[in-house]
Amino acid sequence: MEIRPIRDGDEEGIVALWAACDLVRPWNDPTADIALARRAPASEIFVGMDGDDVVASAMCGFDGHRGWLYYVATHPDLRGTGAGRKILSAAEAWLAEQDCPKVELIIRGSNKPVAAFYEAVGYTHEDRILMAKWLVEPPVAQTETPVEVTPADPTVPLLDVTVTFLEMTSRPTAPPRPIPVTGSPLSLVRLHRPTVGYYRYIQHTVGDPWLWYERRKMNDEQIHAIITDEDVEIYVLSEGGVPAGFVELDFRDMPDEADIAYFGLMPDFIGKGLGPYLLDWAVHCAWDRDPAPKRLTVNTCTLDHPSALGAYQKAGFTPYARELNKVPDPRALGVIPG
(Lines give C-alpha, C1' and ligand atoms only; values in the text may rest on other atoms or scores of the structure.)
Protein backbone atom coordinates (compact mmCIF):
# COMPACT_ATOMS: atom_id res chain seq x y z
CA MET A 1 0.00 0.00 0.00
CA GLU A 2 1.42 3.37 -1.09
CA ILE A 3 0.53 6.29 1.21
CA ARG A 4 0.50 9.82 -0.21
CA PRO A 5 -1.43 13.11 0.06
CA ILE A 6 -4.66 13.41 -1.88
CA ARG A 7 -4.50 14.36 -5.57
CA ASP A 8 -7.08 15.59 -8.04
CA GLY A 9 -9.13 12.64 -9.22
CA ASP A 10 -8.99 10.76 -5.90
CA GLU A 11 -12.35 12.05 -4.66
CA GLU A 12 -14.54 9.34 -6.17
CA GLY A 13 -12.41 6.54 -4.76
CA ILE A 14 -12.28 8.18 -1.33
CA VAL A 15 -16.04 8.59 -1.14
CA ALA A 16 -16.52 4.96 -2.22
CA LEU A 17 -14.13 3.87 0.54
CA TRP A 18 -15.98 5.92 3.16
CA ALA A 19 -19.28 4.43 2.03
CA ALA A 20 -17.86 0.90 2.28
CA CYS A 21 -16.70 1.70 5.82
CA ASP A 22 -20.10 3.16 6.86
CA LEU A 23 -18.61 6.62 7.49
CA VAL A 24 -21.04 8.56 5.32
CA ARG A 25 -24.03 10.26 6.94
CA PRO A 26 -26.81 12.19 5.14
CA TRP A 27 -26.01 15.43 6.98
CA ASN A 28 -22.30 15.29 6.00
CA ASP A 29 -21.71 15.51 2.25
CA PRO A 30 -18.43 13.62 1.81
CA THR A 31 -17.51 15.44 -1.41
CA ALA A 32 -18.02 18.78 0.33
CA ASP A 33 -15.99 17.59 3.33
CA ILE A 34 -13.09 16.71 1.02
CA ALA A 35 -13.27 20.07 -0.75
CA LEU A 36 -13.43 21.95 2.57
CA ALA A 37 -10.36 20.15 3.92
CA ARG A 38 -8.41 20.81 0.72
CA ARG A 39 -9.21 24.53 0.91
CA ALA A 40 -8.11 24.83 4.53
CA PRO A 41 -4.46 25.87 4.96
CA ALA A 42 -3.80 23.65 7.99
CA SER A 43 -5.30 20.33 6.95
CA GLU A 44 -4.37 17.34 4.83
CA ILE A 45 -5.94 14.15 3.53
CA PHE A 46 -3.78 11.07 3.15
CA VAL A 47 -4.78 8.13 0.99
CA GLY A 48 -3.51 4.57 0.85
CA MET A 49 -3.32 3.35 -2.73
CA ASP A 50 -3.35 -0.21 -4.03
CA GLY A 51 -2.52 0.48 -7.65
CA ASP A 52 -5.24 2.87 -8.79
CA ASP A 53 -7.62 1.96 -5.95
CA VAL A 54 -8.07 4.01 -2.77
CA VAL A 55 -7.99 1.48 0.07
CA ALA A 56 -7.28 3.71 3.09
CA SER A 57 -7.66 7.33 4.15
CA ALA A 58 -7.01 9.75 6.99
CA MET A 59 -8.08 13.40 7.19
CA CYS A 60 -6.15 15.53 9.68
CA GLY A 61 -6.04 19.17 10.68
CA PHE A 62 -4.33 21.43 13.21
CA ASP A 63 -6.31 24.27 14.79
CA GLY A 64 -3.26 25.85 16.44
CA HIS A 65 -3.92 24.12 19.75
CA ARG A 66 -4.87 20.52 19.01
CA GLY A 67 -4.69 18.18 16.07
CA TRP A 68 -7.84 16.42 14.86
CA LEU A 69 -8.44 13.21 12.93
CA TYR A 70 -11.42 12.42 10.71
CA TYR A 71 -12.39 9.76 8.18
CA VAL A 72 -9.64 7.34 9.21
CA ALA A 73 -10.64 4.30 7.15
CA THR A 74 -9.30 1.10 5.65
CA HIS A 75 -11.13 -1.08 3.18
CA PRO A 76 -12.95 -3.92 4.98
CA ASP A 77 -10.80 -6.46 3.11
CA LEU A 78 -7.64 -4.95 4.64
CA ARG A 79 -8.71 -4.92 8.28
CA GLY A 80 -6.31 -6.79 10.49
CA THR A 81 -3.42 -6.33 8.06
CA GLY A 82 -1.82 -3.27 9.70
CA ALA A 83 -3.10 -0.90 6.99
CA GLY A 84 -5.05 1.14 9.55
CA ARG A 85 -1.99 1.69 11.68
CA LYS A 86 0.04 2.72 8.64
CA ILE A 87 -2.41 5.37 7.39
CA LEU A 88 -2.89 6.64 10.95
CA SER A 89 0.87 6.94 11.40
CA ALA A 90 1.08 9.10 8.25
CA ALA A 91 -1.52 11.52 9.65
CA GLU A 92 0.19 11.62 13.06
CA ALA A 93 3.56 12.31 11.43
CA TRP A 94 2.07 15.22 9.46
CA LEU A 95 0.56 16.69 12.64
CA ALA A 96 3.89 16.33 14.43
CA GLU A 97 5.54 18.31 11.62
CA GLN A 98 3.09 21.15 12.38
CA ASP A 99 4.37 21.16 16.00
CA CYS A 100 1.02 19.79 17.13
CA PRO A 101 1.34 18.65 20.78
CA LYS A 102 -1.75 16.43 21.05
CA VAL A 103 -4.19 14.61 18.78
CA GLU A 104 -7.95 14.43 19.35
CA LEU A 105 -10.61 12.40 17.58
CA ILE A 106 -14.32 11.72 17.81
CA ILE A 107 -15.80 8.22 17.62
CA ARG A 108 -19.49 7.48 17.39
CA GLY A 109 -20.69 5.78 20.54
CA SER A 110 -21.99 2.79 18.61
CA ASN A 111 -18.62 2.14 16.98
CA LYS A 112 -16.95 0.16 19.75
CA PRO A 113 -14.67 -1.89 17.44
CA VAL A 114 -13.07 1.36 16.26
CA ALA A 115 -12.61 2.50 19.85
CA ALA A 116 -10.80 -0.78 20.54
CA PHE A 117 -8.51 -0.14 17.55
CA TYR A 118 -7.48 3.27 18.87
CA GLU A 119 -6.94 1.89 22.37
CA ALA A 120 -4.64 -0.73 20.87
CA VAL A 121 -2.45 1.98 19.28
CA GLY A 122 -2.14 4.14 22.38
CA TYR A 123 -5.20 6.40 22.43
CA THR A 124 -7.14 6.77 25.69
CA HIS A 125 -10.64 7.86 26.71
CA GLU A 126 -10.80 11.31 28.33
CA ASP A 127 -13.51 12.68 30.59
CA ARG A 128 -15.00 15.23 28.20
CA ILE A 129 -18.50 16.20 27.08
CA LEU A 130 -18.81 16.64 23.33
CA MET A 131 -21.10 19.45 22.26
CA ALA A 132 -21.78 20.83 18.79
CA LYS A 133 -23.66 23.58 16.97
CA TRP A 134 -24.30 23.94 13.25
CA LEU A 135 -23.24 27.35 11.86
CA VAL A 136 -24.87 26.49 8.54
CA GLU A 137 -28.14 24.68 7.93
CA PRO A 138 -27.35 20.97 7.50
CA PRO A 139 -28.81 19.33 4.37
CA VAL A 140 -30.59 16.69 6.48
CA ALA A 141 -31.59 16.67 10.14
CA GLN A 142 -29.04 14.91 12.33
CA THR A 143 -30.90 12.00 13.91
CA GLU A 144 -28.33 9.72 15.51
CA THR A 145 -29.28 8.16 18.83
CA PRO A 146 -26.56 8.77 21.41
CA VAL A 147 -25.01 5.62 22.83
CA GLU A 148 -23.40 5.62 26.25
CA VAL A 149 -19.74 4.73 26.07
CA THR A 150 -18.06 3.20 29.09
CA PRO A 151 -14.71 4.92 29.67
CA ALA A 152 -11.61 2.77 29.51
CA ASP A 153 -10.85 1.12 32.84
CA PRO A 154 -7.72 2.82 34.18
CA THR A 155 -6.95 -0.31 36.17
CA VAL A 156 -6.38 -2.34 32.99
CA PRO A 157 -2.61 -2.54 32.45
CA LEU A 158 -1.13 -1.57 29.11
CA LEU A 159 1.44 -3.78 27.43
CA ASP A 160 4.32 -2.27 25.47
CA VAL A 161 4.32 -4.11 22.15
CA THR A 162 6.74 -3.76 19.25
CA VAL A 163 5.35 -5.10 15.98
CA THR A 164 7.83 -6.01 13.24
CA PHE A 165 6.62 -6.26 9.64
CA LEU A 166 8.66 -8.48 7.35
CA GLU A 167 8.66 -9.26 3.64
CA MET A 168 10.17 -11.63 1.12
CA THR A 169 10.35 -10.27 -2.42
CA SER A 170 11.60 -13.31 -4.30
CA ARG A 171 11.27 -17.07 -4.20
CA PRO A 172 13.75 -18.85 -1.88
CA THR A 173 16.71 -20.40 -3.66
CA ALA A 174 17.24 -23.14 -1.07
CA PRO A 175 15.40 -26.44 -1.60
CA PRO A 176 12.42 -27.23 0.66
CA ARG A 177 13.19 -28.63 4.09
CA PRO A 178 12.82 -32.40 4.44
CA ILE A 179 9.97 -33.75 6.54
CA PRO A 180 11.14 -34.15 10.17
CA VAL A 181 11.51 -37.64 11.58
CA THR A 182 9.18 -38.09 14.55
CA GLY A 183 7.87 -40.98 16.58
CA SER A 184 4.56 -40.88 14.72
CA PRO A 185 3.69 -40.15 11.09
CA LEU A 186 3.17 -36.52 10.09
CA SER A 187 0.39 -35.26 7.86
CA LEU A 188 -0.33 -31.80 6.46
CA VAL A 189 -3.90 -31.22 5.36
CA ARG A 190 -5.79 -28.18 4.09
CA LEU A 191 -9.05 -27.41 5.87
CA HIS A 192 -11.89 -26.95 3.39
CA ARG A 193 -14.70 -24.81 4.84
CA PRO A 194 -13.78 -25.58 8.46
CA THR A 195 -16.29 -25.07 11.24
CA VAL A 196 -15.85 -22.01 13.42
CA GLY A 197 -15.60 -24.22 16.49
CA TYR A 198 -12.68 -26.24 15.14
CA TYR A 199 -10.90 -23.14 13.87
CA ARG A 200 -11.26 -21.48 17.27
CA TYR A 201 -9.83 -24.61 18.90
CA ILE A 202 -6.61 -24.62 16.87
CA GLN A 203 -6.26 -20.82 16.69
CA HIS A 204 -6.79 -20.21 20.40
CA THR A 205 -4.75 -23.21 21.55
CA VAL A 206 -1.79 -22.03 19.49
CA GLY A 207 -2.28 -18.32 20.10
CA ASP A 208 -3.43 -17.90 23.71
CA PRO A 209 0.08 -18.32 25.20
CA TRP A 210 1.22 -15.44 22.96
CA LEU A 211 -1.89 -13.28 23.53
CA TRP A 212 -3.32 -13.52 20.02
CA TYR A 213 -6.43 -11.55 20.87
CA GLU A 214 -7.60 -10.24 17.49
CA ARG A 215 -9.56 -13.33 16.44
CA ARG A 216 -10.87 -13.89 19.97
CA LYS A 217 -12.58 -10.49 19.75
CA MET A 218 -14.39 -11.44 16.53
CA ASN A 219 -17.85 -12.97 16.54
CA ASP A 220 -18.65 -16.25 14.79
CA GLU A 221 -19.99 -14.52 11.66
CA GLN A 222 -16.76 -12.55 11.22
CA ILE A 223 -14.63 -15.66 11.73
CA HIS A 224 -16.77 -17.69 9.32
CA ALA A 225 -16.43 -15.05 6.60
CA ILE A 226 -12.63 -15.22 6.80
CA ILE A 227 -12.03 -18.95 7.09
CA THR A 228 -14.45 -19.85 4.29
CA ASP A 229 -13.09 -17.25 1.87
CA GLU A 230 -11.75 -19.08 -1.18
CA ASP A 231 -8.58 -16.95 -1.04
CA VAL A 232 -7.77 -17.90 2.56
CA GLU A 233 -6.06 -21.29 2.95
CA ILE A 234 -5.62 -22.98 6.34
CA TYR A 235 -3.34 -25.99 6.71
CA VAL A 236 -3.08 -28.17 9.83
CA LEU A 237 0.04 -30.19 10.62
CA SER A 238 -0.70 -33.34 12.63
CA GLU A 239 1.52 -35.92 14.30
CA GLY A 240 -0.10 -39.30 14.65
CA GLY A 241 -3.46 -37.73 13.86
CA VAL A 242 -3.14 -35.15 16.67
CA PRO A 243 -3.11 -31.47 15.57
CA ALA A 244 0.39 -30.10 16.14
CA GLY A 245 0.18 -26.65 14.50
CA PHE A 246 -1.30 -24.67 11.67
CA VAL A 247 -0.60 -21.98 9.13
CA GLU A 248 -3.10 -19.56 7.61
CA LEU A 249 -2.20 -18.12 4.20
CA ASP A 250 -4.08 -15.05 2.99
CA PHE A 251 -4.13 -14.62 -0.79
CA ARG A 252 -6.86 -11.94 -0.89
CA ASP A 253 -4.40 -9.28 -2.09
CA MET A 254 -3.03 -11.37 -4.94
CA PRO A 255 -1.26 -11.03 -7.27
CA ASP A 256 0.47 -8.16 -5.50
CA GLU A 257 0.88 -9.73 -2.09
CA ALA A 258 0.40 -12.94 -0.12
CA ASP A 259 0.49 -12.95 3.67
CA ILE A 260 1.21 -15.52 6.34
CA ALA A 261 -1.62 -14.33 8.57
CA TYR A 262 -1.06 -16.88 11.35
CA PHE A 263 1.54 -19.56 11.99
CA GLY A 264 2.33 -21.53 15.11
CA LEU A 265 2.47 -24.82 17.00
CA MET A 266 0.39 -26.31 19.77
CA PRO A 267 2.24 -25.95 23.12
CA ASP A 268 2.91 -29.70 23.39
CA PHE A 269 4.71 -29.76 20.04
CA ILE A 270 7.09 -26.81 20.46
CA GLY A 271 10.77 -27.77 20.39
CA LYS A 272 10.40 -30.87 18.20
CA GLY A 273 11.68 -29.26 14.99
CA LEU A 274 8.22 -28.95 13.44
CA GLY A 275 8.14 -25.15 13.34
CA PRO A 276 10.97 -24.55 10.83
CA TYR A 277 9.55 -27.27 8.57
CA LEU A 278 5.99 -25.89 8.63
CA LEU A 279 7.17 -22.31 8.04
CA ASP A 280 9.40 -23.35 5.15
CA TRP A 281 6.55 -25.37 3.66
CA ALA A 282 4.20 -22.36 3.92
CA VAL A 283 6.75 -20.10 2.20
CA HIS A 284 7.14 -22.48 -0.72
CA CYS A 285 3.38 -23.01 -0.88
CA ALA A 286 2.84 -19.26 -1.25
CA TRP A 287 5.51 -18.86 -3.94
CA ASP A 288 4.20 -21.87 -5.86
CA ARG A 289 1.01 -19.96 -6.69
CA ASP A 290 0.42 -19.26 -10.38
CA PRO A 291 0.90 -16.37 -10.75
CA ALA A 292 3.32 -16.05 -7.87
CA PRO A 293 2.93 -13.07 -5.51
CA LYS A 294 5.10 -10.01 -5.96
CA ARG A 295 5.98 -10.31 -2.30
CA LEU A 296 5.20 -12.48 0.72
CA THR A 297 4.63 -10.77 4.08
CA VAL A 298 4.37 -11.72 7.73
CA ASN A 299 4.50 -9.86 11.03
CA THR A 300 5.40 -10.71 14.58
CA CYS A 301 5.56 -8.84 17.86
CA THR A 302 7.31 -8.90 21.21
CA LEU A 303 4.42 -10.87 22.72
CA ASP A 304 5.19 -13.75 20.36
CA HIS A 305 7.60 -16.65 20.96
CA PRO A 306 11.07 -15.19 21.66
CA SER A 307 12.55 -16.96 18.64
CA ALA A 308 9.77 -15.96 16.21
CA LEU A 309 11.53 -12.93 14.70
CA GLY A 310 14.77 -14.83 14.23
CA ALA A 311 12.93 -17.77 12.69
CA TYR A 312 11.27 -15.52 10.11
CA GLN A 313 14.58 -13.88 9.23
CA LYS A 314 16.28 -17.27 8.97
CA ALA A 315 13.48 -18.36 6.62
CA GLY A 316 14.36 -15.46 4.30
CA PHE A 317 12.15 -12.59 5.47
CA THR A 318 13.52 -9.06 5.88
CA PRO A 319 12.05 -6.45 8.27
CA TYR A 320 10.71 -3.36 6.53
CA ALA A 321 8.80 -1.54 9.30
CA ARG A 322 8.33 -1.49 13.07
CA GLU A 323 5.61 -0.03 15.26
CA LEU A 324 5.64 0.70 18.98
CA ASN A 325 2.20 0.28 20.56
CA LYS A 326 0.56 0.14 23.97
CA VAL A 327 -2.08 -2.60 24.07
CA PRO A 328 -4.59 -3.19 26.89
CA ASP A 329 -3.78 -6.56 28.41
CA PRO A 330 -6.36 -8.91 26.82
CA ARG A 331 -6.26 -11.13 29.91
CA ALA A 332 -7.32 -8.22 32.13
CA LEU A 333 -10.09 -7.38 29.64
CA GLY A 334 -11.35 -10.97 29.71
CA VAL A 335 -10.66 -11.46 25.99
CA ILE A 336 -8.17 -14.24 26.76
CA PRO A 337 -8.56 -16.39 29.88
CA GLY A 338 -6.12 -15.27 32.56
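**Close-up A. The lining of the second largest pocket, sorted by residue class.** In this predicted model, the lining of the second largest pocket is made up of 15 nonpolar, 7 polar and 4 charged residues. That lining holds 26 residues, and Phe263, Gly275, Pro276, Leu279 and Ala311 are the ones nearest the pocket centre. Two or more lining residues come from each of strand E10 (257-265), helix H7 (274-287) and helix H8 (308-314).

**Close-up B. The largest nonpolar core and Phe317.** Here we turn to the packing of side chains. The largest nonpolar core has 43 residues, and Ile260, Leu296 and Phe317 touch the most other members. Helix H7 gives this core its largest share, with 9 residues. Leaving aside residues up to four places away in sequence, Phe317 touches Leu166, Glu167, Met168, Ile260, Val283, Leu296, Thr297, Val298 and Tyr312. Elsewhere, a separate second core of 16 residues has Phe62, Ala90, Ala91 and Cys100 among its members.

Close-up C. Arg295 belongs to strand E11 (residues 295-301). Is Arg295 buried or exposed? Its relative accessible area is 16%, so Arg295 counts as buried, the cut-off being under 20%. The side chains of Arg295 and Glu167 make a polar contact at 2.5 Å. Not counting residues up to four places away in sequence, Arg295 touches Glu167, Met168, Thr169, Asp256, Glu257, Ala258, Trp287 and Tyr320.

How values were computed:
Residues are numbered from 1 along each chain as its sequence is written. This is a predicted model: local features need pLDDT of at least 70, side-chain atom pairs count only at pLDDT 80 or more; totals for chains, interfaces and linings use all residues. Side-chain values use heavy atoms; hydrogens and water are left out. On a 1 Å grid over the protein atoms alone, a cavity is a set of points where a 1.4 Å probe fits but cannot get out, and a pocket is an open set with protein on both sides within 12 Å along at least five of seven lines; lining residues have an atom within 4 Å of a point. Helices (H or I, at least four residues) and strands (E, at least two) are DSSP runs, numbered from the N terminus. Ala, Val, Leu, Ile, Met, Phe, Trp, Tyr, Cys and Pro count as nonpolar, Asp, Glu, Lys and Arg as charged, and the others, Gly among them, as polar. A nonpolar core is a set of buried Ala, Val, Leu, Ile, Met, Phe, Trp, Tyr and Cys residues joined through side-chain atoms within 4.5 Å. Buried means under 20% relative accessible area, exposed over 50%, partly exposed in between (1.4 Å probe, protein chains only). Contact means heavy atoms within 4.5 Å. A polar contact is a pair of N or O atoms within 3.5 Å; within protein, one must be able to donate a hydrogen and the other to accept it, and residues adjacent in sequence count only if both atoms are side-chain atoms.
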